[in-house]
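Trainee: I would like to learn how to read a structure like this one. Could we take it one feature at a time?

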Amino acid sequence: MDNVEKTEKLPTFLQTEFDPRDPSPWLALYLDQSTPLPDHVKKAWLADSETPSRQFLLPFVRPIARTLIVLIQIVKVVVPRNWAASKLLHWILATGLKYFVRPEANWLVLRHFHMGAQILEFIAANAPVAVETSPLKPMNLDDLKDELFLKHDLNLFNFVIRLGKALRDADKKLAPVANPDFSMIKEPELALDSMPRGKLNGIDLQTAIEMFTPTYQLFLTDNDFWRASNSLQLDETIGLYVATILNSPQHLVLLNNKHPLVPMSTLRAGYRLVLHGLSTEMLHALLMDLKKAQTEHHAPDYSVNQSTSVADAN
């Protein structure tokens, strides 16, 4: 049975009675079925999005964080090229998440590693060549201290390189698979109720990411930070791989992290990381539905009109 989690308290938008003269935008997004997200994930995502932290803190944090990215880039000019403190960075990130970030946000962060690993395993299992994967599946926030954010970025590039090299060496290409292997696609065994719920755990996911982005830049080499930022554009690449295997190019409308051959400025890395997380959730949800349909011997009715793009809000 899938591990569908329930929060201890319903989000505000589900507690408030519907008023046609003052409709809740969060309730509209929750009830809307055009976005392929499972109900418990959408509830957690919107509960995190409707918080005062996102409404009042994020608008101040975002410009400050982007200014710091520019200043740190200037500092990096005089700092030794290979200076980094990855272990300290990951201790700061894991500790910050554990004591200051909302439980829904922490749950979504941990889920992301599991879903990203499963999606790469899906591509590898359905490729015409053998491809090595290095799945990262943390079960708690302390597991992140093992440099998991950095390893996550490295895994993505390494997978694309290994897959591309294997296909070239074998003179083969990815192609549609009549009966794809979905065996690795499953609901991550992570309990929302197990996430920290201290008095200071009030920062939402988007604000936390904006805060952590310049910290990430400061404690990594310039090359590591640039690679991490540009790994987000591989959303399109991974989406193309999956769409090719499924023979469903219409599902690419779920992605909006720009063309992989045109690197973007690192200034918007925090915002694009949120898009990356949401795109991964939706792609995983699609694969879950297709796995269920395969088991039930019928195909779900997905069309372009039933999908949605992650609109650029900036």
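Trainee: What does the accessible surface of the protein chain come to, and what percentage of it belongs to carbon and sulfur atoms?

Mentor: Keep in mind that this is a predicted model. Its accessible surface comes to about 16,100 Å², and 59% of that belongs to carbon and sulfur atoms. Of the 314 residues in the chain, 52% count as buried.

Trainee: How many helices and how many strands does the protein chain have?

Mentor: There are eleven helices and zero strands. Read from the N terminus, the order of elements is α-α-α-α-α-α-α-α-α-α-α. As for contacts between residues at least 6 apart in sequence, 84% join residues at least 24 apart.

Trainee: Which residues have the most contacts inside the largest nonpolar core?

Mentor: The general idea comes before the case. In soluble globular proteins, nonpolar side chains tend to be buried together. Here the largest nonpolar core has 42 residues, and those with the most contacts inside it are Leu97, Trp107, Leu144, Phe149 and Tyr216. Among the elements that give two or more residues to this core are helix H5 (86–100), helix H6 (103–125), helix H7 (148–170) and helix H11 (269–295). A second, separate core has 29 residues, including Val160, Leu167, Leu283 and Leu287.

Trainee: What span should H7 have, and how far apart are its end C-alpha atoms?

Mentor: The 23 residues of H7 should span 33 Å at 1.5 Å a residue; the end C-alpha atoms are 32 Å apart, which agrees. Just after H7, Asp171 takes a positive phi of about 55°.

Trainee: Which residues of H7 are buried, and what covers them?

Mentor: An α-helix has 3.6 residues a turn, so residues three or four places apart point the same way. In H7 the buried residues include Phe149, His152, Leu156, Phe159, Leu163 and Leu167. The cover over the buried residues of H7 includes H5, H6, H8, H9, helix H10 (234–246) and H11.

Trainee: Is Asn155 buried or exposed?

Mentor: Compare its relative accessibility with the cut-off of under 20% for buried. Asn155 has 18% and therefore counts as buried. It lies in helix H7 and, leaving out residues up to four places away in sequence, touches Leu120, Ser134 and Leu136.

Trainee: Where does Met139 lie, and what is it in contact with beyond its neighbours in sequence?

Mentor: Met139 is in the loop between H6 and H7. Its relative accessible area is 41%, so Met139 is partly exposed. Beyond its neighbours within four places, Met139 is in contact with Leu110, His114, Glu189 and Leu190. Met139 and Leu110 are 29 residues apart in sequence, with 7.2 Å between their C-alpha atoms.

Trainee: Which residues form a nonpolar patch on the surface?

Mentor: The patch consists of Ile64, Leu68, Val70, Leu71 and Ile74, with about 440 Å² of accessible area together. One of these, Leu71, lies in helix H4 (residues 52–76). Leu71 counts as partly exposed because its relative accessibility is 45%.

Terms used
Residues numbered from 1 in each chain as written. Predicted model: local features only at pLDDT ≥ 70, side-chain atom pairs only at ≥ 80, totals over all residues. Heavy atoms only, no water. Core = buried A, V, L, I, M, F, W, Y, C linked by side-chain atoms within 4.5 Å. Buried < 20%, exposed > 50% of the residue type's maximum accessible area, 1.4 Å probe, protein only. Helix = DSSP H or I, 4+ residues; strand = E, 2+ residues; numbered from the N terminus. Contact = heavy atoms within 4.5 Å. Areas by Shrake-Rupley, 256 points an atom, 1.4 Å probe, with all protein chains shown as cover. Patch = residues over 30% accessible without salt bridge, like charges linked within 9 Å, V, L, I, M, F, W, Y side chains within 5 Å. Salt bridge = Lys/Arg side-chain N within 4 Å of Asp/Glu carboxyl O. Expected span 1.5 Å × (residues − 1).
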